[in-house]
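Here's a friendly walk through one protein model. Keep the 3D view open while you read.

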Amino acid sequence: MARMTTAELRGYHQICGSDGAMMVIACDQRGSMRSLLTSDKDEQAKISNDMLGDVKADITRYLASKASCVLVDPVCAVPNLVDKGLIDRGTALLIGIDASGWDTSPEGYRLSKLVDGITARRVRELGGTGGKIMIYLRSDTPAANTHNIDILDRVVADFAREDLLLVVEFLTYALEGESPEAYAAKIPELIQGGSKICLDHGAKVLKIPYPGSAESCAAVTEMAGDVPWAVLSAGVNHETFVGQVDVAMANGASGVIAGRSLWKDCISLDRAVTRQRLETIAVPRLREIQAAIALHRAPAVKVA
């Protein structure tokens, strides 16, 4: 199992709070953020990267400043967050290097993409504490994963050369023709299988969907060993996510990397509205998640 170097461990400590647990605010979304700002397709097309950057800046200033870290994209958010002093000096910065959306293979498999020109060295130049890569996996269908595992291998090697922290995220998805019921029944197996693939290919910190049950969370923890894992929110409602965090932390998770469940109904093209909702709605949600984490302090991570 891959273990963090001293430099990577230092980066990991910085994305964690004083309790040793990850509490990262994710706002690296682009397409889904546009759809949350307006349901009108024509209006979505008018939302520029700079406008998205303003939303991410507000999430960083009003919400992430009360967490341990913010996860943003390199298209809309940086270098402005750093250059304009919009990120608190005590807030760590993860930069996602995966492109928005996916391509589709002739067989209907999702093919992950990277943002052009964003390497580990560029993440460091942009002020990043570390990077994040997201790939799509169907662990029960090896043919679906070849392209995406190749991307993962290249990114893991690049960050290792730079000795820079990399968080590895995967998402799973329903195959063409697969019923919602059949897919839902496979979730624990797919999350465990996807976690194993990422671990086998050098992941040192994992960001994964909720594994589906206490038993499945414990199985991921046992499989991961000293590799810490954080649960993502996948846009579920806040109450559901707090319950998932409690179960995940009780069964070995090392924290949370959450986005839409915190702020999806808070953002607006009117920045005054966004700021007011972040303060009155999102921050209290964050406090509830932090309280759930506090009940199950994350274990210490060993240095290689």
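## Ground rules

Helices (H or I, at least four residues) and strands (E, at least two) are DSSP runs, numbered from the N terminus. This is a predicted model, so local features need pLDDT of at least 70 and side-chain atom pairs count only at pLDDT 80 or more, while totals for chains, interfaces and linings use all residues. Residues are numbered from 1 along each chain as its sequence is written, and side-chain values use heavy atoms, leaving out hydrogens and water.

## The whole protein

You'll find 12 helices and 10 strands here. The C-alpha atoms fill a box of roughly 45 × 45 × 40 Å, taken along the principal axes. Of the 304 residues, 53% are buried (buried means under 20% relative accessible area, exposed over 50%, partly exposed in between, with a 1.4 Å probe and protein chains only).

Now for contacts, meaning heavy atoms within 4.5 Å. Among those between residues at least 6 apart in sequence, 70% join residues at least 24 apart.

Which residues of helix 9 are buried? In this helix, residues 214-224, they are S216, C217, V220 and A224. Seen down the helix axis, these buried residues fall within an arc of 105°, so they line one face of helix 9 (the arc is that of the directions from the helix axis to the C-beta atoms). An α-helix has 3.6 residues a turn, so residues three or four places apart point the same way.

The buried residues pack against helix 8 (180-200), strand 8 (206-208), strand 9 (229-232) and helix 10 (238-250). On the other side of helix 9, E215 and E222 are exposed.

Most residues other than glycine have a negative phi, and most peptide bonds are trans. Look at D163, though: its phi is positive, near 55°, and it isn't a glycine. D163 sits in the loop between helix 7 (146-162) and strand 7 (165-171), and is partly exposed, with a relative accessible area of 31%.

A234, also not a glycine, has a positive phi near 55° too. Where is A234? Its place is the loop between strand 9 and helix 10, and A234 is partly exposed at 47% relative accessible area.

Finally, check the peptide bond from V78 to P79: it is cis, with omega near 15°. P79 lies in the loop between strand 2 (69-72) and helix 5 (80-83).
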